[in-house]
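Let's take a walk through a protein assembly, one piece at a time. Have the sequence and the 3D view open as you read.

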Amino acid sequence: MLKSNVFSKKTRNNKIKKEVREVYLRDDICCGVSSCTTCESPTASSATRLTASTILVVDTNVVLHQIDLLENPAIDDVVVLSVVLDEVKNKNLSVYNRIRALCSNSLRKFYVFANKFHKDTHVEKMEKESPNDLNDRAIRVATQWYQKHLGGATRVLLVTNDRENKRKATEEGIFAETIESYVKSLEQPDLLDLVVQPASVDVNMEDIEDSRPSKRKVIYAEHKPMSEITSGLRHGIYHQGKLRVNRYNPFEAYVGSESIGDEIIIYGRTNMNRAFDGDIVAVELLPQEQWHEEKSLSIADEEEEEEDVHLAPSSADDAPRSTTPVNAADQIPVPSRPSGRVVGIIKRNWHSYCGSLDPMPMPAGSGSIAYALFVSKDRRIPKIRIQTRQLGNLLNKRIVVTVDSWDRQSRYPFGHYVRVIGDIGDRDTESEMVLIENDIDARPFTAQVLACLPPLPWSVSSEDLANPIRIDLRQIRVFSVDPPGCKDIDDALHCTALPNGNYEVGVHIADVTNFVHPGSPLDDEASKRGTSVYLVERRIDMLPKPLTEDICSLRADVERLAFSVIWEMTPEAEIISTRFSKSVIKSCAALSYVEAQARMDDSRLMDPLTTDLRNMNSLAKVMRQRRIERGALTLASAEVKFQIDTETHDPLDIGMYQIREANQMVEEFMLAANVSVAAQILQIFPVCSLLRRHPSPTREMLEPLLLTAAAVGINLDVSSSKALADSLDRAVGDDPYFNKLIRILATRCMTQAVYFCSGDLSPPEFHHYGLAAPLYTHFTSPIRRYADVFVHRLLAASLGIFQLPTIFQDRPQLTSVADNLNYRHRNAQMASRASVELHTLIYFKKRPTDTEARIVKIRSNGFIVFVPKFGIEGPVYLTSKGQKGGGEWYVDEQQQKIIKMDSSLSYSVLQTLRIHMEVVEPQPNRPKLQLTLI
Amino acid sequence: MEFVSPEGLRLDGRRPTEMRQLRAEIGVVSKADGSAMFEMGNTKVIAAVYGPREVQNKGQQINNDHALVRCEYSMANFSTGDRVRKPKGDRRSIEISLVIRQTMEACIMTHLMPRSQIDIFVQVLQADGGTRSACINAATLALADAGIPMCDLVTSCSAGYLNSTPLLDLNYIEDSAGGADVTVGILPTLDKVTLLQMDAKLPTNIFEDVMQLATEGCKAIANYIREMLAENTKQLEFRRDS
Amino acid sequence: MVGLSEGEKEFIKGGIAQDLRSDGRKRYTYRPIYVETGVIPQANGSARVRLGATDVIASVKAELGKPSALQPDKGKVALFIDCSPTAEPTFEGRGGEELSAELSSALQRCLLGSKSGAGAGIDLSSLIVVEGKVCWDLYIDGLVISSDGNLLDALGAAIKAALSNTGIPTVHVVAGASNDEQPEVDISDEEFLHFDTSGVPVIVTLTKVGKHYIVDATSEEESQMSSAVSISINRQGHICGMTKRGGSGIDPSVILDMISVANFVSRQLIEKLDSEISAAEANEEDS
């Protein structure tokens with residue numbers, strides 16, 4: 001049966017267009033109920049079967065707001081209508097993805113019924129019917145159809161929180177209930193906590209906030225209606241952008257605006273006007289004369305939060321943002337950036353957050369409803385109010401909470417409890433927090449994924465050897481150099497002296513794509529994970545263990561498949577020729593960095609392997625030197641290393657990671673391999689290659705570095721990476737650590753390198769600033785990075801030995817893969833850092849320590865110090881919190897100094913001092929590391 | 001964008017291997033020697049055939065032993081969603097005219113009609129994807145209506161590849177999604193491919209599947225066209241008898 | 001192209017002289033008229049009119065535009081006619097352009113009134129959204145699919161039917177835009193603006209063959225004409241436009257006579273057309 005769907009649509013260029021779409025109505029859509037004998041669908045065998053005697057039809061508002069509840073296994077046998085899915089998709093993509101996941105989960109009984117295309121449930125728009133009413137009617141028609149279709153055997157219940165829809169449904173003889181009453185009927189009180197309260201009924205939520213007489217006072221300005229925002233954006237009155245909250249000062253946020261080509265600063269929660277980090281917002285600029293006062297004003301009415309000790313940042317992405325200097329009100333105005341306020345939220349970025357409840361006294365009578373404030377671990381998120389019936393149970397737990405609404409009258413948003421992670425302070429709980437916070441999937445691999453693995457024990461087969469695309473390099477002296485205890489060895493090297501005096505140098509990378517086939521469940525999973533995640537006490541693999549540690553790992557004395565890059569190099573490390581090939585290798589030694597270094601240093605050793613190492617090392621040195629001359633930056637980070645007790649997994653020792661020549665040697669050849677591969681794939685696939693770029697830092701980003709350097713009398717030239725590299729070389733102070741400190745400060749001013757699809761940018765933008773390379777990609781770690789898997793496929797296709805998967809022809813999809821890789825990569829780093837922070841805390845809990853620290857930033861009431869030995873930084877307060885500013889100290893902005901009023905004492909930036917480190921518990925179960933001056 | 005839902009339904013409710021609704025009418029232009037209207041969903045075209053008749057412009061006649069086949073494709077101003085005044089003889093029209101002419105020429109037994117001319121005019125009334133195919137199908141019907149000897153019918157259908165699924169008979173939204181679009185024309189009885197066009201890229205193995213699907217579509221259209229012609233003949237017979 | 005023998009020519013002329021035309025009609029009888037509306041769903045309004053073997057389609061598309069400075073309170077209407085080669089092989093390539101242009105300007109004159117828009121069959125001020133800033137532009141497109149004479153009357157009827165079939169989404173102006181800028185509009189919830197087409201005239205073409213004139217000439221009859229006068233007349237019997245084709249001169253008194261004939265014929269035609277249109281509309285709604 002054929003129907004037409006006709007509607008008018010407004011196009012982007014303000015034209016009105018009539019659209020006509022065909023709709024084919026079908027009679028072969030199955031109802032999905034197992035007791036039903038009338039429906040027979042060819043796909044029925046795979047379709048979810050609803051079995052219970054009551055099946056639920058959910059309304060759009062229930063899916064949109066109660067998704068946490070729906071995800072609870074207590075709710076099952078649910079029919080999701082296609083009209084509901086479409087509406088959810090338009091309103092909230094993340095909820096849509098979650099409901100889709102439920103529908104495709106074979107363990108759950110959620111069935112999608114395409115009511116739109118079923119001949120009996122298709123509804124036509126009636127005259128003057130709003131789209132909303134039409135959808136509601138469609139839901140009722142479908143529910144009624146189910147009722148009639150299934151007869152009396154099964155009860156069909158419409159679950160809706162729309163009063164009007166419920167009323168009409170009841171009138172039409174449909175069983176309809178609100179989600180609350182349905183959950184109550186299930187008699188599982190815990191479930192009720194998951195039910196999101198509609199915003200209108202939480203008047204008594206006021207009690208928790210304060211009992212001031214001014215009830216329901218309006219706190220925030222109204223959000224402008226969408227039509228006004230669009231027209232405001234068009235006329236340049238408003239600016240659109242993603243709001244990013246300062247990780248270190250949640251009362252300060254930035255909106256990168258394309259329309260004014262600059263970042264707009266938003267000071268204070270009032271100006272942020274209920275926007276969350278990641279929301280797409282519309283911002284109105286404040287009058288220029290308010291650009292400064294606004295800050296001092298806004299900070300005053302917010303509660304002050306303390307800064308925590310944290311891991312020293314390793315790039316601009318995780319460093320505190322440079323803000324206008326402290327005490328701005330009474331300082332000379334520095335050329336300031338525009339500030340503004342949020343007038344509307346275009347797209348919410350609400351999701352679940354993990355954290356804990358603010359400690360509070362237990363209300364009388366257990367089991368009754370209590371209201372509590374939830375504090376997220378992520379400081380950028382404001383406190384969230386929830387109601388719960390199990391307060392006693394939740395108080396000392398880490399929990400997950402979701403935001404539901406935030407109206408103008410409440411200081412904090414409303415949310416609801418989702419689940420408990422575990423006890424606060426428990427290491428496993430805290431580690432899981434780290435994973436949840438960074439959206440890392442640490443679940444075991446599914447059976448489908450594991451089914452893609454080759455049978456074990458695996459060994460190189462005769463077919464592999466006979467394959468003409470694979471060269472046999474088993475006779476070559478290949479070896480690997482990795483950190484001690486490394487099990488996922490993805491790279492190995494060889495270096496053979498040629499008769500003509502040149503060297504043949506090979507980099508052999510695990511041939512992961514021989515086992516991970518595009519489109520397989522294994523590939524999908526790896527692509528989703530994006531990278532392996534390294535926490536202090538555990539590793540979350542991107543690929544299942546048999547691949548990671550055995551089949552792909554280039555271990556010593558076993559034959560393994562590899563993808564090789566082989567150069568002929570002169571002794572001056574000039575590349576004469578490059579070739580790429582799949583290969584079979586047999587590593588003769590898996591060395592650790594220490595072993596390799598020791599062999600090279602031991603002048604008595606003259607065995608062939610050591611000679612190879614020395615040859616390679618001398619080549620690497622030349623290459624490195626050349627790279628530095630080109631302007632590559634020698635950056636430094638304060639990476640720390642824990643020694644972990646194998647039994648308790650508690651940290652035993654902590655120290656800076658030591659970098660040896662051997663590390664640099666391996667790194668150099670990996671860089672060279674990546675560069676060669678990047679050039680090869682880009683040449684063959686100019687628009688669909690996956691590359692990695694590092695944008696040049698803007699002068700503004702380097703501002704804090706310049707300010708600090710100027711304060712200690714060093715002039716840095718940041719006009720190019722070469723100039724910066726040179727001036728960093730010249731920046732030597734009185735003590736040996738000074739140069740490294742400057743480099744660490746420089747590093748944190750840079751953004752991170754990112755993956756991108758070559759078709760999305762123009763060649764000048766491909767540049768990798770840090771490496772001073774025009775082209776770069778990732779090829780050398782396919783076991784632990786998906787980007788490398790991708791690049792392996794590109795390289796193989798460029799050689800004509802592998803067919804390029806279809807995804808490479810789909811630019812938007814390719815871009816989304818790159819975006820996901822960046823997101824995963826970043827999260828993995830954040831998780832590693834969080835894990836180190838967690839273990840630092842555990843370590844210092846038992847070991848109060850005195851150590852040396854350097855001042856890196858001056859504050860109005862103290863300064864931020866960096867502790868080189870442990871790679872952490874945090875605040876040291878000169879005045880106690882109550883009397884901040886106190887008038888006792890003042891800041892010299894130019895000199896970057898904090899000086900006592902009577903000039904008896906002063907501290908300046910980069911100064912060395914001794915501090916005491918100790919874990920304190922200002923509130924029970926909330927331990928934190930405190931730094932105090934000795 | 002999702003063009004095939006996880007339930008296996010396309011945006012308009014079809015399954016991936018289903019064609020849009022076909023409709024045809026023979027003899028819509030009474031002044032022409034043969035004519036037909038052909039609809040594939042919202043795509044609607046009219047073909048009119050004039051001839052065989054004396055060659056109008058002797059200069060165009062190249063081969064005296066065969067009939068001269070000419071074709072013109074035009075689109076009505078209102079045929080697309082955006083109203084555009086289309087100049088006659090733009091590049092696309094010329095290309096499609098040529099494709100239709102060559103495809104039809106292949107099945108017309110031109111050697112039976114020396115020194116004569118056959119004109120095929122196709123007019124698109126509504127375009128919603130697959131106009132090329134619809135034009136060829138309409139032209140086949142119009143030629144049959146005109147009683148022009150043909151060695152076989154020619155039928156055409158397109159198929160595409162979106163969301164990793166081969167899709168039969170793309171409509172405009174699917175066609176503009178940027179995926180590959182394979183248009184196939186076949187001689188159904190002789191089982192030969194006379195037209196094959198594709199834009200965008202496809203791996204070889206997938207191309208085979210997509211082309212196979214398009215060919216199946218052509219066969220289904222051929223059955224429909226045969227039915228239409230048989231019905232039309234019955235009508236003619238009936239009228240003659242009464 | 002109509003190729004007729006001398007005998008055929010005589011037959012046609014003789015028939016007309018005797019008020020019995022070759023297809024059996026009288027001089028002032030129209031062929032049966034068939035109207036189908038909504039044939040082009042993508043358009044805001046459309047109709048197909050068949051008059052014997054003459055077959056035409058008209059469509060109306062509405063687009064938002066800016067009113068002209070001279071007429072800030074009125075919308076604009078543009079009219080184009082295309083002759084498809086399906087109707088006549090000679091229309092191939094640019095062959096139909098001359099006729100198309102002739103038909104377009106004749107229809108423009110007969111239906112849309114003067115350049116200022118005065119005397120148009122439809123109320124142009126109903127097309128205004130914001131005075132001086134936003135209005136609807138109507139694009140009327142006619143397409144000749146099959147031609148057997150009297151294209152002008154058929155197209156006129158098709159356009160009238162298409163206009164009465166037309167629904168334009170109601171729009172409202174989005175608040176917040178300042179005065180001196182182009183206002184932004186939004187579609188209201190699926191309400192449509194319909195035109196009052198009772199004022200749209202019909203066109204009656206009187207074709208002079210020999211001493212007599214006939215209505216609704218077939219192409220064979222047209223090939224024998226000396227001249228033709230097309231008169232557009234509305235319900236009130238007012239003449240809304242006129243155009244004369246064909247070279248030979250007509251006596252002024254004959255023209256007056258023709259007008260009164262046209263006036264008489266138009267009443268029947270309007271009635272017939274209105275009932276056909278409402279039948280077609282009803283039919284469209286049912287399907």
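A:Ala772 is buried, because 20 other C-beta atoms lie within 10 Å. (A residue is buried if 20 or more other C-beta atoms lie within 10 Å of its own, exposed if 12 or fewer, and partly exposed in between, with C-beta atoms placed from the backbone.) A:Ala772 has a positive phi of about 50°, although it isn't a glycine. You'll find A:Ala772 in the loop between strand E29 (754-757) and helix H25 (786-798) of chain A. Helices (H or I, at least four residues) and strands (E, at least two) are DSSP runs, numbered from the N terminus.

A quick word on what you're looking at: this is a predicted model, where local features need pLDDT of at least 70, side-chain atom pairs count only at pLDDT 80 or more, and totals for chains, interfaces and linings use all residues. Residues are numbered from 1 along each chain as its sequence is written, while chains are lettered from A and ligands numbered from 1 in the order in which they are written.

Chain B has a case of its own: phi of B:Asp169 is near 55°, a positive value in a residue other than glycine. B:Asp169 sits in the loop between strand E7 (165-168) and helix H3 (172-175) of chain B. Buried or exposed? B:Asp169 counts as buried, because 28 other C-beta atoms are within 10 Å.

## Two cis peptide bonds

In chain A, a cis peptide bond joins A:Leu456 and A:Pro457, with omega about -5°. A:Pro457 belongs to the loop between helix H15 (447-450) and helix H16 (462-466) of chain A.

Over in chain B, the peptide bond from B:Gly51 to B:Pro52 is cis, and its omega is near -5°. Where is B:Pro52? Look in strand E3 of chain B.

## A helix in chain A

Now for helix H20 (residues 608-630) of chain A, which has 23 residues. At 1.5 Å a residue, H20(A) should span 33 Å, and its end C-alpha atoms are 33 Å apart, so the two agree. (The expected span is 1.5 Å times one less than the number of residues.) Just after H20(A), A:Gly631 takes a positive phi of about 115°.

Which residues of H20(A) are buried? They are A:Asp612, A:Leu613, A:Met616, A:Leu619, A:Ala620 and A:Met623. These buried residues pack against several elements of chain A, including strand E19 (470-482), strand E24 (559-569), helix H19 (593-601) and helix H21 (661-684). Packing here goes by contacts: two residues are in contact if their C-beta atoms, placed from the backbone, lie within 7 Å.

A:Ala598 counts as partly exposed, because it has 15 C-beta neighbours inside 10 Å. A:Ala598 and A:Ala662 are 64 residues apart in sequence and 9.3 Å apart in space, C-alpha to C-alpha.

## Chain B and its side facing chain C

Chain B comes to four helices and nine strands. From the N terminus on, its elements run β-β-β-β-α-β-α-β-β-α-β-β-α. Of the 242 residues of chain B, 52% count as buried. Among contacts in chain B between residues at least 6 apart in sequence, 69% join residues at least 24 apart.

(Ala, Val, Leu, Ile, Met, Phe, Trp, Tyr, Cys and Pro count as nonpolar, Asp, Glu, Lys and Arg as charged, and the others, Gly among them, as polar.)

## Chain C and a helix pair

Chain C comes to five helices and 12 strands. Of its 287 residues, 47% count as buried.

Helix H2 (residues 97-111) and helix H3 (residues 151-165) of chain C pack at an angle of about 55°, with their axes 11 Å apart. That makes H2(C) oblique to H3(C). (Angles under 35 degrees count as roughly parallel, over 145 as roughly antiparallel, 65 to 115 as roughly perpendicular and the rest as oblique; axes are lines fitted to C-alpha atoms, for helices over the stretch in contact, and angles run from 0 to 180 degrees between N-to-C directions.) Among the residues making the contact are C:Leu103 and C:Leu107 of H2(C), and C:Leu155 and C:Gly156 of H3(C). By class, the contact of H2(C) with H3(C) has nine nonpolar, one polar and no charged residues.
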